[in-house]
Amino acid sequence: GVEEYFSRISGVVKTKAGYANGTEPQPTYEAVCTGRTGYAESVLVTYDPDRVSLYTLLERFFQIIDPTSVNRQGNDQGSQYRTGIYYTDPRDRRIAEKMMQSVAAGYQKPLATELAPLVSFYPAEEEHQHYLKKHPNGYCHIRFDSPKNLPSESRVDASRYPKPSEE
C-alpha cells in the first residue's frame, strides 16, 4: 500500500517494495515475516527533486502512518512493520530530522519512527511489486478513499471552484 501511495505522487519516478536494514542476504517474505531477520518491509522511492522535494515526500509519509506506533501499522504487527526513514545521502538526514521534529510537536507520545542510514535493501519478490495494482481489493492499512490519504496532487482545491451565482 505504501508503494502504491508513493507511486501516485507527481515527481516520483519509481517505487520498489522490499526489505531494508536486516541481517541476512537475499531475504524472502516468509523469512522477514518471522521477525528474526531484522528487516523492515520498505519502499524504495526514486524521485525527481526538480518536481517534488524530500520534505514533501516525508510530509506525505507521515500522513499515512502512526509515527508513535511500535512495530505496527494498521492490522500488521511485528518488527518488520516498524516505521523508518532510511537515507542514502547524509544531507537527507537533516531534512528528515527537521520533519520529525515538526511531526513530534503534534503528539503526546514520542515518535517510534526510525531514522538511520540505508545499510541494505533487497527487492521483495515480484508478486509483492505493485501489489495493489495487481490486487485492487487487497488489504492495505491506508484508506485511499480518504482525502487525507491522497497525495496532494490528487486533492481538489475547492477555492478554485467558487459556487456560481443563482443567476
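Contact here means heavy atoms within 4.5 Å. The structure is a predicted model, in which local features need pLDDT of at least 70, side-chain atom pairs count only at pLDDT 80 or more, and totals for chains, interfaces and linings use all residues. Residues are numbered from 1 along each chain as its sequence is written, and side-chain values use heavy atoms, with hydrogens and water left out.

Helices (H or I, at least four residues) and strands (E, at least two) are DSSP runs, numbered from the N terminus. In helix α3, the residues L54, L57, L58, R60, F61, F62 and I64 are buried, that is, under 20% relative accessible area with a 1.4 Å probe, protein chains only. Their cover includes α1, β1 (12-20), β2 (40-47), β3 (72-73), β5 and α4.

A nonpolar core is a set of buried Ala, Val, Leu, Ile, Met, Phe, Trp, Tyr and Cys residues joined through side-chain atoms within 4.5 Å. The largest has 22 residues, of which F6, I9, F62 and I85 touch the most other members. Two or more residues each come from α1 (2-7), α3 (54-64), β5 (84-87) and α4 (90-104). The largest share, six residues, is from α3. Another core, apart from this one, has six residues, including Y19 and Y122.

Two strands pair if DSSP finds at least two bridges between them. Two pairings are listed here.

| Strands | Bridges | Direction |
|---|---|---|
| β5 and β6 (114-117) | four bridges | parallel |
| β1 and β2 | eight bridges | antiparallel |

Y86 has A116 in β6 as its bridge partner, and A17 has V43 in β2.

Technical notes:
Buried < 20%, exposed > 50% of the residue type's maximum accessible area, 1.4 Å probe, protein only.
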